Amino acid sequence: RETDLRALRAQIDPHLVQNVFHIISLQLESAKLDEIRKIIKDSSVYFRSLLNESSKSKVTLEEELMLLEKYVRFQQNIRPFNYLITVEPNVDTFGIE
């Protein structure tokens, strides 16, 4: 199962990196430097987190929610959308793996 997960991440990562460079190239055509900075920053934060989490065999729900938040911010550079992530107050996000 762990091997399957790593193989899946290996397939996804190149696609995401390709998308990041494509988005940046489109922004460069219109010289939107502030947007380019945001794309690079959000992408960097997401990829760093993804690499850190992929080395673990288990993560807490809290860690997964944080990674999801970074992923959504990253995706919003492609196409902005509204979203809401809610967790019941009594859920122990640090205790669930």
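**Exercise 1. A residue and its surface patch**

In which helix is tyrosine 71 found?

*Solution.* 
Step 1. The model is predicted. Tyrosine 71 is found in helix H3, and leucine 68 lies in helix H3 as well.
Step 2. A residue is buried under 20% relative accessible area, exposed over 50%, and partly exposed in between. Tyrosine 71 has 31% relative accessibility and therefore counts as partly exposed. Leucine 68, at 36%, is likewise partly exposed.
Step 3. Both residues belong to a nonpolar patch on the surface, together with Phe81, Tyr83, Ile85, Val87, Val91 and Ile96. The accessible area of this patch is about 590 Å² in total.

**Exercise 2. The overall plan and the core**

*Solution.* 
Step 1. Of its 97 residues, 25% count as buried.
Step 2. The largest nonpolar core has 11 residues: Leu16, Val20, Ile23, Ile24, Ile36, Ile39, Tyr46, Phe47, Leu50, Leu67 and Phe74. Two or more of these residues come from each of helix H1 (2-29), helix H2 (33-54) and H3. The greatest contribution is that of H2, with 5 residues.

**Exercise 3. Salt bridges within a helix and between segments**

How many salt bridges does a search of the whole structure find? Describe three of them, with the accessibility of each partner.

*Solution.* 
Step 1. The search finds 4 salt bridges.
Step 2. Aspartate 34 and arginine 37 are joined by a salt bridge of 3.0 Å, N to O. Both lie in helix H2, 3 residues apart, which is about one turn of the helix. Aspartate 34 is exposed because its relative accessible area is 62%; arginine 37 is exposed at 53%.
Step 3. Aspartate 42 and lysine 38 form a salt bridge of 2.7 Å, N to O. These two residues are 4 apart in helix H2, so about one helical turn separates them. Aspartate 42 is buried, with a relative accessible area of 11%, whereas lysine 38 is partly exposed at 43%.
Step 4. Lysine 58 forms a salt bridge with glutamate 97, with the closest N and O atoms 3.8 Å apart. Lysine 58 is in the loop between H2 and H3 and glutamate 97 is in the segment after H3, so this pair ties together parts that are 39 residues apart in sequence. Lysine 58 is exposed at 55%, and glutamate 97 is exposed at 63%.

**Exercise 4. The surroundings of one threonine**

Is threonine 93 buried or exposed? Locate this residue and list its contacts.

*Solution.* 
Step 1. Threonine 93 has its place in the segment after helix H3 (61-76).
Step 2. Its relative accessible area is 10%, so threonine 93 is buried.
Step 3. Leaving aside residues up to four places away in sequence, threonine 93 touches Thr60, Leu61, Glu62, Leu65 and Val87.
Step 4. With glutamate 62 there is a polar contact between the two side chains, at 2.5 Å.

Key
Residues are numbered from 1 along each chain as its sequence is written. This is a predicted model: local features need pLDDT of at least 70, side-chain atom pairs count only at pLDDT 80 or more; totals for chains, interfaces and linings use all residues. Side-chain values use heavy atoms; hydrogens and water are left out. Buried means under 20% relative accessible area, exposed over 50%, partly exposed in between (1.4 Å probe, protein chains only). A polar contact is a pair of N or O atoms within 3.5 Å; within protein, one must be able to donate a hydrogen and the other to accept it, and residues adjacent in sequence count only if both atoms are side-chain atoms. Contact means heavy atoms within 4.5 Å. Patches are made of residues with over 30% relative accessible area and no salt bridge: like charges are joined within 9 Å, nonpolar side chains (Val, Leu, Ile, Met, Phe, Trp, Tyr) within 5 Å. Accessible areas come from the Shrake-Rupley method with a 1.4 Å probe; for residues, only the protein chains shown count as cover. A salt bridge is a side-chain nitrogen of Lys or Arg within 4 Å of a carboxyl oxygen of Asp or Glu. A nonpolar core is a set of buried Ala, Val, Leu, Ile, Met, Phe, Trp, Tyr and Cys residues joined through side-chain atoms within 4.5 Å.
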